[in-house]
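Q: Could you take me through one part of this model at close range? I would like to start from a single residue and then look at what lies around it.

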Amino acid sequence: MSGLWIETLTWPVVGEKLKAGWPVVVPIGARSKEHGHHLPMQTDYLLARALADGVAKRLPVLISPVVDFGYYPAFLRYPGSQHLKAETFIALLEDIFDGFLDQGASNLFVINTGVSTEGPVQVAVRNIFARRAREIAVADIRRLGKASNKLLQQKLGGHGDEHETSLILAIAPEQVDMSKAVEDYGHMLEEPETVFYRPAEFTGDAARGYHYSKTGVRGDPTLATVDKGRAMLADAIDELVAGMRALCPDLPRNG
């Protein structure tokens, strides 16, 4: 039994599926955020849709419209990049979650393709838990695709890199311009490796230390290939499906 995108259905059908216990998946992926000179602004959105599509092909779930605005403070200097304040993004997510729960959703899952969004998403699901005692499960892109990470050859990554570029080559190759892909580690290779988190932004100012990125990329997208992307995508979808089955053991096993 396959899943369905809510945006393609009528409200009575959505109501029937909720009553039947279909979980709701909420994908999060920016539709307008810089990803270097070679990837489209909608890179995260494309990835969120592809991951949700992969889950829907194998499980009876309702897929929410992609939440395509979010908390992306590192990219404000780049024309077209969109960003919501953390409190705005948290409020948006809570309204979405409350809506589905009020309408009868038995289980909610989040697929988050951002990094800066991790903190606000955790706050939102914590707030829902505190108010309603309902647990919302979250999968972050940085924790997906463990088996295929060994395919990566770059020295380090993080944005518009070998990983993301490979994924978009697999998902929407016509939107990737590999002739404009360049290695760009900024000054990160010179940075000490420590246990500490430090906030970062992307800027073309070479005097800004680890914040510097000439192209808006961190990593080496020139190493990306479609085969790596297909393996990474399949691996991530396998992990999502396995996780949802573990948390919802009554879901049919048809894939």
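A: Happy to. Contact here means heavy atoms within 4.5 Å. With that in mind, and remembering that this is a predicted model, let's begin at Thr165, which sits in helix H5, residues 162-171. Leaving aside its neighbours within four places in sequence, Thr165 touches His38, Leu39, Gly160, Val176, Met178, Pro221 and Ala224. Thr165 counts as buried because its relative accessible area is 0%, and buried means under 20%.

The structure holds 1 cavity of 30 Å³ or more, and the largest cavity has a volume of about 50 Å³. Its lining is made up of Ile141, Leu144, Gly145, His163, Leu167, Met232, Leu233 and Ala236. H5 and helix H6 (226-247) each supply at least two of the lining residues, with H6 giving the most, 3 residues. By class, the lining has 6 nonpolar and 2 polar residues, and no charged ones.

Helix H6 has charged residues of its own to look at. Arg230 forms a salt bridge with Asp227, and their closest N and O atoms are 3.8 Å apart. The two are 3 residues apart in helix H6, so about one helical turn separates them. Asp227 is exposed, with a relative accessible area of 54%. Elsewhere, salt bridges that share partners join Glu94, Asp98, Asp102, Arg131 and Arg132 into one network.

Glu201 counts as partly exposed, at 22% relative accessibility.

Note on methods
Residues are numbered from 1 along each chain as its sequence is written. This is a predicted model: local features need pLDDT of at least 70, side-chain atom pairs count only at pLDDT 80 or more; totals for chains, interfaces and linings use all residues. Side-chain values use heavy atoms; hydrogens and water are left out. Helices (H or I, at least four residues) and strands (E, at least two) are DSSP runs, numbered from the N terminus. Buried means under 20% relative accessible area, exposed over 50%, partly exposed in between (1.4 Å probe, protein chains only). On a 1 Å grid over the protein atoms alone, a cavity is a set of points where a 1.4 Å probe fits but cannot get out, and a pocket is an open set with protein on both sides within 12 Å along at least five of seven lines; lining residues have an atom within 4 Å of a point. Grid points are joined across faces, edges and corners, and a volume is the space filled by probe spheres set on the points. Ala, Val, Leu, Ile, Met, Phe, Trp, Tyr, Cys and Pro count as nonpolar, Asp, Glu, Lys and Arg as charged, and the others, Gly among them, as polar. A salt bridge is a side-chain nitrogen of Lys or Arg within 4 Å of a carboxyl oxygen of Asp or Glu.
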